[in-house]
Amino acid sequence: MAAPAANMKVNGDRLWDSLMEMARIGPGIAGGNNRQTVTDEDAEGRALFQKWCEDAGLTMGVDEMGTMFMRREGTDSDALPVYVGSHLDTQPTGGKYDGVLGVLGGLEIVRTLNDLNIRTKHPIVVTNWTNEEGTRFAPAMLASGVFAGRHELDWAYDRTDASGKKFGAELERIGWKGDEKVGAREMHAFFELHIEQGPILEAEGVDIGVVTHGQGLRWIECTVTGKESHTGSTPMHMRKNAGRGLALVTELVHEIAMKNQPNAVGAIGHIDVYPNSRNIIPGKVVFTVDMRTHILDKLNGMVAEFNERAPNLCEEIGVEFSCEIVGQFDPPAFDVGCVAAVRNAAERLGYSHMDIVSGAGHDACWVNDVAPTAMVMCPCVDGLSHNEAEEISKEWATAGTDVLFHAVLETAEIVA
């Protein structure tokens with residue numbers, strides 16, 4: 001297949017303007033965004049994206065999980081589409097680029113093809129996956145997980161948020177529950193552009209990350225149970241302090257991660273302390289351990305060591321420990337051909353690049369189960385993401401989208 005010409009590039013100003021306009025929907029309190037999944041703000045962002053896509057001549061399909069598929073026809077009606085996209089939902093205190101760049105970068109590909117009057121053999125479908133973040137409704141990558149067969153549809157509909165609202169009911173409430181069966185679509189390939197969410201590319205002064213693997217992940221929800229009692233009147237030797245159990249387990253997670261360097265991480269993020277009063281010793285603590293690495297045997301070994309040692313640490317101080325895995329996926333290795341298309345694109349365009357492993361989960365990690373998949377990453381200032389201060393430059397966004405454009409175009413095959 002013919003490679004795109006090196007002078008074919010996207011309109012970086014138009015892409016940036018679109019990012020800034022989308023950021024006006026669901027503004028945060030500190031310059032970022034709060035456009036959580038299946039909220040009214042999510043619905044508003046979807047409607048704007050739909051308008052832009054229809055203005056660009058795309059036709060829309062929506063599946064039962066609310067995922068939006070915006071299609072540009074190819075010249076071969078039998079050719080499977082090349083999909084490109086990410087997500088529009090954000091963290092409660094999220095940035096303007098995480099996920100959004102991948103969706104609007106896909107739209108910019110179509111706009112550029114229209115500008116240049118270029119047709120492709122394969123259709124191109126720009127995709128907005130529902131609930132990638134997983135903050136309001138766990139787990140993350142919920143819709144792509146159903147699409148790939150990792151989750152059942154009814155199970156996904158029954159996920160509840162902190163106020164007890166169900167995902168399925170909220171999706172229907174905002175008017176974005178489609179009729180299309182989830183996972184019915186076949187893909188020729190899938191590409192996702194994302195900010196790196198780590199400091200590697202910026203630190204190395206590299207324009208493009210060619211993602212070869214994703215990290216595997218285990219989320220382990222733990223409960224330490226002690227006994228509530230008065231902080232002032234309970235003798236130290238008679239306490240059953242669940243908070244102390246949390247402290248010991250926190251250090252254990254750090255120790256295990258450090259023993260498995262390089263390319264392994266572990267931390268405790270979400271914590272609920274009961275009764276959470278300043279003068280009551282905690283009687284129960286519920287928290288989630290997040291362990292990740294791109295090497296499956298290493299990941300399983302980390303979890304096994306945690307499961308063996310954590311109960312003993314808690315038993316030694318007179319508190320009880322229990323846990324269950326509430327989120328998991330094995331490390332994906334992305335398609336060699338799609339990864340080569342990304343690398344070829346960066347070289348053709350003259351952008352510096354390096355192979356990297358994605359430290360975060362993405363919809364591409366699930367889609368990789370059912371279609372050839374690859375990811376493109378651009379730098380992020382100080383590696384800061386999931387934060388309203390998240391920032392990238394217009395130049396980085398443009399370079400990443402240029403590479404995405406060329407990789408998609410090479411895979412979709414230029415006709416004229």
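This short talk walks through helix packing, annotated sites and a few backbone details in a predicted model.

Let's start with the annotated sites. UniProt, in an unreviewed entry, lists His87, Asp98 and His194 under "binding site". These three span 108 residues in sequence, yet no two of their C-alpha atoms are more than 9.8 Å apart, so they gather at one spot. Of these residues, Asp98 is included in the lining of the largest cavity.

Asp98 sits in the loop between them. Glu133 is in a loop as well, the one between E4 and H4.

Now follow the chain into H3. This helix covers residues 100-116. Let's take its partners one by one.

Partner one is helix H1, residues 12-23. H1 and H3 pack at an angle of about 140°, and their axes are 10 Å apart. Are they parallel or oblique? An angle over 145 degrees would count as roughly antiparallel. At about 140°, H1 and H3 are therefore oblique to each other. Their crossing is right-handed. On the H1 side, the contact is made by Arg14, Leu15, Ser18, Leu19 and Met22. On the H3 side, look for Val100, Leu101, Leu104, Gly105, Glu108, Arg111, Thr112 and Asp115. What kinds of residues are these? In the contact of H1 with H3, six are nonpolar, three are polar and four are charged.

Partner two is helix H12, residues 394-412. H3 and H12 pack at an angle of about 60°, with axes 9 Å apart. That makes H3 oblique to H12. The crossing of H3 and H12 is right-handed. From H3, the contact uses Leu101, Gly105, Gly106, Glu108, Ile109, Thr112 and Leu113. From H12, it uses Ala397, Thr401, Leu404, Phe405, Val408 and Leu409. How do the residues of this contact divide? Eight are nonpolar, four are polar and one is charged.

Next, the backbone. Most residues other than glycine have a negative phi, and most peptide bonds are trans.

Go to the loop between strand E4, residues 124-128, and helix H4, residues 142-147. Pro139 is found there. A cis peptide bond joins Ala138 and Pro139, with omega about 5°. Met141 is in the loop between E4 and H4 too. Met141 has a positive phi of about 55°, although it is not a glycine. Remember that Glu133 is found in the loop between E4 and H4.

Now move along to Tyr274 and Pro275. A cis peptide bond joins them, and omega is about 0°. Pro275 lies in the loop between strand E9, residues 264-274, and strand E10, residues 280-281.

One more annotation to finish. The unreviewed UniProt entry gives "domain: Peptidase M20 dimerisation" for residues 215-313. Over that stretch, the chain is 36% helix and 35% strand. The end C-alpha atoms of residues 215-313 are 28 Å apart.

Key:
Residues numbered from 1 in each chain as written. Predicted model: local features only at pLDDT ≥ 70, side-chain atom pairs only at ≥ 80, totals over all residues. Heavy atoms only, no water. Axes fitted to C-alpha atoms, helices over the stretch in contact; angles between N-to-C directions. Helix = DSSP H or I, 4+ residues; strand = E, 2+ residues; numbered from the N terminus. Parallel < 35°, antiparallel > 145°, perpendicular 65-115°, else oblique. Left-handed = near helix turned anticlockwise from the far one by under 90°. Contact = heavy atoms within 4.5 Å. Nonpolar A, V, L, I, M, F, W, Y, C, P; charged D, E, K, R; others polar. UniProt positions renumbered as here; feature names shortened; annotations may be inferred. 1 Å grid on protein atoms, 1.4 Å probe; cavity = no way out; pocket = protein on both sides within 12 Å on 5 of 7 lines; lining within 4 Å.
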